[in-house]
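Colleague: I am new to this structure and would like to learn how to read it one feature at a time. Could you take me through it slowly?

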Amino acid sequence: MSRSRRITIIAGTLLFVSAAASVLLLRRIDHSREAATLQNVLYISSPKTLKHLSLGYQGLLADIYWTRAVQYFGGQQHAAAAQHYELLAPLLEITTALDPKLTVAYEFGANFLAPAPPNGAGEPKKAIELEKYGIENNPDDWHLYYNLGFIYYLELRKYTEAADAFARGSQVPNAHPFLKILAAQMARRGGDAETARMLWSATYQTTKDHDVRANAAAHLRALRVDHDVAELQKAVSIFYNQTGRWPSSFSELESAGLIRGRPIDPLGRPYQLQPDGSVEVANPDDLPFIQSGLPLGYIPPKLPKFLPSD
Amino acid sequence: MNGRITHIATNTFREAVRDRVLYNLIAFALLMSGAAVLVGQISIGIERLVVINLGLTAVSLFGVVIAIFIGIGLVSKEIEKRTLYTVLSRPVRRWEFIVGKFFGLTGTLVVNTFFMALGVFAALLYVSRHFQHGDGWILIALYFIVLQFVIIIALALLFSSFSSPLMSAVFAFALFVIGSFSEDLRGFSAMTHGITRVLATGAAYLVPNFSALNVISSVAHEQPVSNHLIFYNTAYALFYAIMAISGSVLIFERRNLK
């Protein structure tokens, strides 16, 4: 073997071995720095200072911080102890301060901040501050008013403030017509299921994001289950009052003329009638957010299960 | 290390000193003393932080600039001046020339960093009047900066072995910038799907990871650096440098120098 060929073989082998080793080591480094990395990015927590340091490229820096916020939220949500999101609010604050026109950060950022853990950071007040800052900087974007009203309604049950947000949003040029209806509905009967259904339907129809759409669909299904179970439970009670015993099946309720057909949940699975007369869903894991129809002692999964078809 | 590599390394070091590379130490000394004196007058409570952040950032940036601009000329300058033919006409192999050049410039930057580190500690002593327990971590940050230089020198050599000095500088500097955001790059790739994910992940792992080598902010806040990270970073920098040098040896071995 010639000397040159020997050197080529040795150098080539070294190249591949060291490339593989560096990739493996990089994975170990990432693993050992996982917790520290995001803490580090917040050493400069002042958006003003960051703006100066970005040398005018704050748009790019805002995009990077927004990506970091998304990664942090996603990472924490999948972590075993998915209850702490303390870096989320500062990351979003920096992102929006660097680029106040980055409306996606308000829209999704507030959705990350507002819901209670593990679905979000459980900081609805900070989410409202974020939306208000977004509206201040983007007064012509009706989505921001809609999101603000949504948080007031869903997380804080403040129907007057929610109605006000929807009403203000409806005055924005090119606002979606449903904002006017929502404002009126909210002012009239904020807390009922029909209003909730309308809000989630509006979200389902207007969002372009797959995750938000899946979340809205799951909430709509949950509202339907809650309604179905309440109606079925009512029929079971009437049957009990008429006969003095619990029905053994839904067929008995059907024969008694109390329901029509075999009741099925929104996923097409039949509801279950228990010997004690309670009505339950067949698979509660597939129906997150439901309040009724849960088996006794049921423990929901850490993360709500969304269906791929949504 | 064999004698021929040692000779080439020593000559590279001497040449760098003759090229007045170490003059940057004067600019660094002026920057540090100016910062140490001024910061106490214009700010409250962050004198120590500013000296550490500014000092270590300057050590890193000065070194990176030297590593790139000297590194890219290591091979091309020798070809241009035709001194390479004199070297290779002696019993020196091409790979020994590359490895010698690498060690020579690494040595230059280690010496340069040593003097700059003295400057950082002197400025720190001036503003704090005494050293604190956490100041020891600054040495780790400096060690990581040297590891950064090792990777950049190897990359500059790699580009220098097949490209013009200008393009080599552009490539090396671009990789330095991209490598500084490598963690974000890997984060972006994790969010993609399908073939984009494969390509993005491949690219993210191919670029050097400078973000893990930058612990300036955390040592400024007296945060400890784990032994694991020190070990992994050391091994990573060495393997990455070996990879880049192997690449330049492969290219240089096949290069037609006639």
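Colleague: In chain B, what share of the contacts with a separation of 6 or more comes from residues 24 or more positions apart?

Modeller: Two residues are in contact if their C-beta atoms, placed from the backbone, lie within 7 Å. In chain B, 84% of the contacts with a separation of 6 or more are between residues 24 or more positions apart. Please keep in mind that this is a predicted model, in which local features need pLDDT of at least 70, side-chain atom pairs count only at pLDDT 80 or more, and totals for chains, interfaces and linings use all residues. Residues are numbered from 1 along each chain as its sequence is written, while chains are lettered from A and ligands numbered from 1 in the order in which they are written.

Colleague: How many helices and strands are there in chain B?

Modeller: Helices (H or I, at least four residues) and strands (E, at least two) are DSSP runs, numbered from the N terminus. By that rule chain B has 12 helices and zero strands.

Colleague: Which residues are buried in helix H4 of chain B, and what do they pack against?

Modeller: A residue is buried if 20 or more other C-beta atoms lie within 10 Å of its own, exposed if 12 or fewer, and partly exposed in between. Of the 258 residues of chain B, 45% count as buried. In H4(B), which spans residues 73–80, the buried ones are Gly73(B), Leu74(B), Val75(B) and Glu78(B). These buried residues pack against helices H3, H5, H6, H7 and H8 of chain B.

Colleague: Where should I look for positive phi values?

Modeller: Most residues other than glycine have a negative phi. Just after H4(B), however, Arg82(B) has a positive phi of about 65°. In chain A, Asn174(A) has a phi near 65° and lies in the loop between helix H8 (159–170) and helix H9 (178–189). Phe289(A), with a phi near 75°, lies in the segment after strand E2 (279–280) of chain A.

Colleague: Why does Asn174(A) count as exposed?

Modeller: Asn174(A) counts as exposed because it has 7 C-beta neighbours inside 10 Å, whereas Phe289(A), with 17 other C-beta atoms within 10 Å, is partly exposed.

Colleague: How many residues of chain A are in contact with chain B?

Modeller: On the side of chain A, 25 residues are in contact with 28 residues of chain B. The elements of chain A that give two or more residues to this side are helix H1 (3–41) and helix H3 (58–78), and H1(A) gives the most, with 21 residues.
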